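Dear colleague,

Please find the structure below, handed over for your records. My notes on the strands and helices follow it.

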Amino acid sequence: MNDNELNIAMLAAARDAWMAGAPLRRARARCKRFTYGDQWADPMPGSGHVSEAELAVKSGRRPMTNNLIRQLVKTVVGRFRAMADEKKAYVAPPGSAVVRNQLAELDSRMLEEFLISGCAVQRVVSERRMQGTGVWVDNVCPDRFFVNAYRDPRGFDIELAGMLHDMSPAELLARFAGADAAKAQRIRRSYSAAEAALPPTSASLDFFTAPAGKWRVVEMWTLDAVVRPAGRRRASARGAATEFVWQCRWLAPDGTLLSSYASPFAHGGHPFAVKHYPLTDGEVHSFVDDLLDQQRCINRLITMIDHIMSCSAKGVLLFPVEQLPDNMDWKQVSEAWAASDGVIPVTGRGEFPRQVVTNGGANGAYQLLALQMKLFEDISGVGDTLLGRNDGGARGANLYEAQVRNATIALYDLLLTFDSFTRQRDEKMKNC
């Protein structure tokens, strides 16, 4: 296999890994929709592509959203920041990598992603940027990240990892061609040919295509076996030794190799800190994913109650026709009934006028809604104490703090898993 065939094979391996992540990307997109309020877009079973919202409107109901998921995510992130402040986790001298990268903010947004998708990925590199030279940390969108199927929660069985970049032609040529005019020309031809060969695609993210005005670049890291000759002394006895080295390749969409090098980092690995949760049999199940069905049920109940109330009798007056006074018409009767000091003369015989007010039979729906709200808290592990609904002063600060600690136990596994991710990232920063 020549170099060109090898590069194309490596690009195919990267795309296969990215395609294998399609179910995770779809699950993330759905969880993200629900988190930020788009909770009626799921297609209804047996209705083709008709969404739940469209079906509700066709049934005469007004879809209503009571977004509890967003509040829970904000509460967990807020709790994380409070714990970090208590430990002074992000206190560092000016000019340090912690301050330069604004890690407190960066990790908070990463935790938000971790809650929504179950994925936390950051890229740690040492390079010169407009903001300065040094170690830089970037949050990586899971839609752009790819990795081989792995099962070890520590990531020790990762052998392939990478991400998709979109660069302007000027940036790409500056990075990979520099002052080499011939190489710059080859790169231009490569991208021109690749763009001409690709069919039109939708607006969704595709492995090979970039937004208008950008060029797609694939950063790919693989754990390669390298055979190294033994030293001159005792060469016949020792022979050759095999080592495993992380190798980086930057590839264009047509397989053109833009750059290749062994890991330049002191840690000798790839630049990605990676954590997927909980990774049971290699599967990812996020915090938000557990709450989607409960959120849908609550929205449906609120919509049902709203529909029942809008269709219920509210202050309807039943006024027998034979009781209508001779000197009044129905409009005058209505005005007199609504007036605080109104008087309507009646004969005193037969049925009297009466006002009808009903709850529309919504009592059962209210009870079911209360049950679903309680189940939502139980499933999420975020109750009244973490939400700040209990009055700590009424029972003493020590008791309240104990209640907060106890309420956080349900989230400890998730938060400590994220803590192990940040420690993995910190190790890469120290040895970048």
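Which residue in E5 is the bridge partner of Gly 162? The partner is Met 220. This is a predicted model, in which local features need pLDDT of at least 70 and side-chain atom pairs count only at pLDDT 80 or more, while totals for chains, interfaces and linings use all residues. Residues are numbered from 1 along each chain as its sequence is written, and side-chain values use heavy atoms, with hydrogens and water left out.

The sheet

Strand E4 (residues 160-167) and strand E5 (residues 215-229) run antiparallel and are joined by eight bridges. Strands (E, at least two residues) and helices (H or I, at least four) are DSSP runs, numbered from the N terminus. Five strands make up an open sheet with antiparallel pairing, in the order E3-E4-E5-E6-E7; two strands pair if DSSP finds at least two bridges between them. At the edges, strand E3 (145-147) and strand E7 (257-262) each pair on one side only.

The helices

Helix H1 (residues 3-20) packs on the sheet and touches E3, E4, E5, strand E6 (240-251) and E7, contact meaning heavy atoms within 4.5 Å. H1 also packs with helix H2 (residues 22-35), at an angle of about 40 degrees and with the axes 5 Å apart. Axes are lines fitted to C-alpha atoms, for helices over the stretch in contact, and angles run from 0 to 180 degrees between N-to-C directions. Trp 18, Met 19 and Ala 20 in H1 meet Ala 22, Pro 23 and Arg 25 in H2.

Yours sincerely
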